[in-house]
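Visitor: I would like to learn how to read the features of a protein model, one at a time. Could you take me through them slowly?

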Amino acid sequence: ILEISRDQLNEMIKIHPHIKVVLQNLFKQRVLDLFLGLSPVFSSLAPAEREEILKRFHFHQIPEETILFKGGDPSTCLYMIKSGEVEIFTQNPQGKKTVLATMTSGNIFGEIGPLLNRPRMATAKTTRPSELLELTKEDLEACFQKLPTLRSTLKEISSKRLARMAEILSHEKVEKAKEGMV
């Protein structure tokens with residue numbers, strides 16, 4: 001093991017500035033691999049397989065209160081939250097909002113549309129400044145080709161999410177009916 005003090009490293013960086021970039025990239029890659037490794041979607045994959053997926057993600061810094069997509073929009077990608085918070089909701093024609101989920105670091109969202117080749121079913125909006133990893137529909141399909149188990153894992157998670165969404169929306173309809181009876 002090679003040990004270099006912070007002062008020695010700073011001196012090396014002054015002489016060879018590219019060292020800083022290389023070390024930052026290495027750190028970023030290790031942190032993101034660990035991040036993916038903790039995700040239920042990617043945890044069963046080998047490090048080399050996670051690295052292949054990681055190469056396909058696009059990093060975005062998104063301000064608070066940004067609409068990422070709306071229900072009915074074409075499904076072009078899925079997202080994974082590195083940091084921040086995203087609210088997933090539907091809104092009826094009268095403007096009443098039903099929150100389906102509040103997603104935080106490590107959560108994946110927006111996967112149902114690309115997976116089932118359907119338009120967006122809900123709206124996604126950041127509630128805090130957020131760092132998101134975006135995987136396009138085309139890159140997702142390429143990952144499925146190389147890693148077929150990824151599709152089944154994502155389908156399993158999505159089917160649980162769809163069941164929960166149906167439960168929430170059904171509960172909203174029951175409450176609305178009760179209000180109408182009063």
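**Reading the model step by step**

Guide: Let us begin with a loop: Glu 65 lies in the loop between strand E1 (58–62) and strand E2 (67–69). Please keep in mind throughout that this is a predicted model.

Visitor: What is the phi of Glu 65?

Guide: The general idea comes first: most residues other than glycine have a negative phi. Glu 65 is not a glycine, and yet its phi is positive, at about 65°. Glu 65 is also partly exposed, with a relative accessible area of 46%. A second case is Asn 117, where phi is near 55°, again a positive value in a residue other than glycine. Asn 117 sits in the loop between helix H4 (112–116) and strand E7 (123–126), and with 57% relative accessibility it counts as exposed.

Visitor: How many disulfides does a search of the whole structure find?

Guide: In general, a disulfide is a covalent bond between the sulfur atoms of two cysteines. Here the search of the whole structure finds zero disulfides. Cys 77 is in none, and the nearest cysteine sulfur, which belongs to Cys 143, is 13 Å away.

Visitor: Which residues have the most contacts inside the largest nonpolar core?

Guide: To read a core, one looks for buried nonpolar residues whose side chains are joined to one another. The largest one in this model has 21 residues, and those with the most contacts inside it include Phe 42, Ile 53 and Phe 57. Among the elements that give two or more residues to this core are helix H2 (18–38), strand E3 (77–83) and helix H6 (148–181). There is also a second, separate core of 17 residues, which includes Ile 62, Met 103, Phe 109 and Ile 168.

Visitor: Is Phe 57 buried or exposed?

Guide: Phe 57 is buried, with a relative accessible area of 8%, although it lies in the loop between H3 and E1. Leaving aside neighbours within four places in sequence, Phe 57 is in contact with residues including Leu 36, Phe 42, Leu 78 and Leu 133.

Visitor: Where on the structure do Leu 2, Ile 4 and Met 12 form a nonpolar patch?

Guide: These three residues form their patch on the surface, with about 290 Å² of accessible area together. Leu 2, found in the segment before helix H1 (6–15), counts as exposed at 72% relative accessibility.

Visitor: How many salt bridges does a search of the whole structure find?

Guide: The general idea is that side chains of opposite charge can pair when their charged atoms come close. The search of the whole structure finds 12 salt bridges. In one of them, the side chains of Arg 56 and Asp 139 meet at 2.9 Å, N to O. This pair links distant parts of the chain, with Arg 56 in helix H3 and Asp 139 in helix H5, 83 residues apart, and both Arg 56 and Asp 139 are buried.

Visitor: Which parts does the salt bridge of Glu 85 with Arg 128 tie together?

Guide: In this salt bridge the closest N and O atoms are 3.8 Å apart. Glu 85 lies in strand E4 and Arg 128 in the loop between E7 and E8, so the pair ties together parts that are 43 residues apart in sequence. Glu 85 is buried, with a relative accessible area of 19%, whereas Arg 128 counts as partly exposed at 39%.

How values were computed. Residues numbered from 1 in each chain as written. Predicted model: local features only at pLDDT ≥ 70, side-chain atom pairs only at ≥ 80, totals over all residues. Heavy atoms only, no water. Disulfide = S-S within 2.5 Å. Helix = DSSP H or I, 4+ residues; strand = E, 2+ residues; numbered from the N terminus. Buried < 20%, exposed > 50% of the residue type's maximum accessible area, 1.4 Å probe, protein only. Core = buried A, V, L, I, M, F, W, Y, C linked by side-chain atoms within 4.5 Å. Patch = residues over 30% accessible without salt bridge, like charges linked within 9 Å, V, L, I, M, F, W, Y side chains within 5 Å. Areas by Shrake-Rupley, 256 points an atom, 1.4 Å probe, with all protein chains shown as cover. Salt bridge = Lys/Arg side-chain N within 4 Å of Asp/Glu carboxyl O. Contact = heavy atoms within 4.5 Å.
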